[in-house]
Amino acid sequence: MSARSPLSKRETGLALKTAVLYGSVRSARQGIKAARFIVSKLEARGHEVELIDPMERQLPLLNRMYKEFGAGEAPPALESIASVFRAADGFVIVSGEYNHSIPPALKNLLDHFQSEYHYKPSAIVTYSAGPFAGLRGLANLRAILGELGTPSIPTVFPVSRVQDAFDEDGQAMDNAYEDRVGRFLEEFEWYSRALRAGRQAAQ
């Protein structure tokens, strides 16, 4: 898709609500910089954004899915995330690569929910400390997201040597990321608006 200037909220209807899911809980994690970068770029484009960080949310290991709790019985961490997911128009998944797959904390986060994802798009950001940008886990993540009901958009946003790509606040150290992220998010917005319109029409 060609790069264009972001459309105003008035031109596109209500602001998109986007949940950014980050998957690492390691003490020396660097991918959080990429997550902060994505959050800042979404906010600059007018999105209402919520960063879901399992280190902050302290999710339990999956025993019962959110849907398996009775009304008012789910742990507060699950209830708060479910509320964000239900309101979201789409999801941006920020994932490293662990043994050709995704981090266990991200899989745990994703698997707690189900219907909250349905008929909403996802977009994938991958990263690594080396040159391959976490892409070897991409096919695995695409399959998981499709099974959950949040199919991923065709374009991905890979980040090599993430420790050097952004500062601690998520500001890009290389202007190439600034150019690429616009095209990536524009495609995500197209799918988010299209599927939101479809959900509204089905109500």
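**Aromatic ring pairs**

Mentor: Phe37, Phe157, Phe166, Tyr177 and Phe184 are joined into a cluster by ring pairs. The model is predicted: local features require pLDDT of at least 70 and side-chain atom pairs pLDDT 80 or more, while totals for chains, interfaces and linings use all residues. Residues are numbered from 1 along each chain as its sequence is written, and side-chain values use heavy atoms, without hydrogens and water.

Trainee: How many aromatic pairs does the structure hold?

Mentor: A pair of aromatic rings is described by the distance of the centres and the angle of the planes. Rings of Phe, Tyr and Trp (its six-membered ring) pair if their centres lie within 6.5 Å; planes under 30 degrees apart are stacked, over 60 edge-to-face, and the rest tilted. The structure holds 12 such pairs. The ring centres of Phe37 and Phe157 are 6.2 Å apart and their planes lie at 20°, so this pair is stacked. It links distant parts of the chain, 120 residues apart, with Phe37 in helix 2 (residues 31–44) and Phe157 in strand 5 (residues 152–159). Helices (H or I, at least four residues) and strands (E, at least two) are DSSP runs, numbered from the N terminus.

Trainee: Are Phe37 and Phe157 buried or exposed?

Mentor: Buried means under 20% relative accessible area, exposed over 50%, and partly exposed in between (1.4 Å probe, protein chains only). Both Phe37 and Phe157 are buried.

Trainee: Which charged end sits over the ring of Phe157?

Mentor: A charge sits over a ring if NZ of Lys or CZ of Arg is within 6 Å of the ring centre and within 35 degrees of the ring normal. For Phe157 the charged end is that of Arg180, 4.5 Å from the ring centre.
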